[in-house]
Amino acid sequence: MKHEIFCCCFRKREKDWTRRVGNDRHLICIEDPFETSHDLGRVVDKFSIRVLREEFERAAKIMHQDPNPSAKLFEPYVPGDNNSNGQGYN
């Protein structure tokens, strides 16, 4: 099986993802890889962005410390598990 990864950087202004419209916010912009005009992050709220940040921090820590990170990276999210010490993933 062939896997391809494509990463694209863009500016929020180019996509007009800089303003709130109704309940849609743009606290974080996540371009839909299948519909590039669609911002998957537009519905992220304060709670969701905290969870996303914790997961990004957890992933960065795993990739930095584990020479074979795949198994840990794909473990399911467990709310409140924050590394079993209640201190977050730092």
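So, the protein has 3 helices and 0 strands. Going from the N terminus, the elements run α-α-α. Keep in mind that this is a predicted model.

A few overall figures before the details. Of the 90 residues in the protein, 17% are buried. The accessible surface comes to about 7,700 Å², and carbon and sulfur atoms account for 54% of that. On contacts: take those with a separation of 6 or more, and 15% of them are between residues 24 or more positions apart.

How does the span of α2 compare with what its 20 residues should give? At 1.5 Å a residue you'd expect 28 Å, and the end C-alpha atoms sit 29 Å apart, so the two agree. At the N-terminal end there's a cap: Asp 45 has a side-chain oxygen 3.2 Å from the backbone nitrogen of Phe 47.

Now, which residues of α2 are buried? That would be Val 51, Glu 54, Arg 58, Ala 59 and Ile 62. They take up an arc of only 135 degrees around the axis, so they're on the same side of α2. And what do these buried residues pack against? The answer is α3, residues 70–73. Turn to the face of α2 that points away from the buried side, and you find the exposed residues Lys 46, Arg 53, Phe 56, Met 63 and His 64.

Met 63 is exposed, at 52% relative accessibility, and the cut-off for exposed is over 50%. Even so, Met 63 has contacts: leaving out residues up to four places away in sequence, Met 63 touches Pro 69 and Leu 73.

Next, charges. Side chains of opposite charge can pair when their charged atoms come close. How many salt bridges does the structure hold? There are 3, and I'll go through them one at a time.

Start with Arg 50 and Glu 54, where the closest N and O atoms are 3.7 Å apart. Arg 50 is partly exposed at 47% relative accessible area, while Glu 54 is buried at 13%. Glu 54, remember, was one of the buried residues of α2.

Then Arg 53 with Glu 57, whose closest N and O atoms come to 2.9 Å. These two are also 4 residues apart in α2, so about one helical turn separates them. Arg 53 counts as exposed, with 57% relative accessibility, and Glu 57 as partly exposed, with 25%.

The last pair is Arg 58 and Glu 55, at 3.1 Å from N to O. The spacing here is 3 residues, again within α2 and again about one turn. Glu 55 is partly exposed at 22% relative accessible area. Is Arg 58 buried or exposed? Arg 58 is buried, at 10% relative accessibility. And there's something else about Arg 58: its side chain also reaches the backbone oxygen of Lys 72, at 3.1 Å.

Where is Leu 40 found? Leu 40 is in the loop between α1, residues 12–15, and α2. Leu 40 is partly exposed, with a relative accessible area of 39%. Setting aside neighbours within four places in sequence, Leu 40 is in contact with Ile 30, Glu 31, Asp 32 and Pro 33. There's also His 26: Leu 40 and His 26 are 14 residues apart in sequence, and their C-alpha atoms are 9.3 Å apart in space.

Methods:
Residues numbered from 1 in each chain as written. Predicted model: local features only at pLDDT ≥ 70, side-chain atom pairs only at ≥ 80, totals over all residues. Heavy atoms only, no water. Salt bridge = Lys/Arg side-chain N within 4 Å of Asp/Glu carboxyl O. Buried < 20%, exposed > 50% of the residue type's maximum accessible area, 1.4 Å probe, protein only. Polar contact = N/O pair within 3.5 Å; in protein donor to acceptor, adjacent residues only side chain to side chain. Expected span 1.5 Å × (residues − 1). Arc of directions from axis to C-beta. Contact = heavy atoms within 4.5 Å. Areas by Shrake-Rupley, 256 points an atom, 1.4 Å probe, with all protein chains shown as cover.
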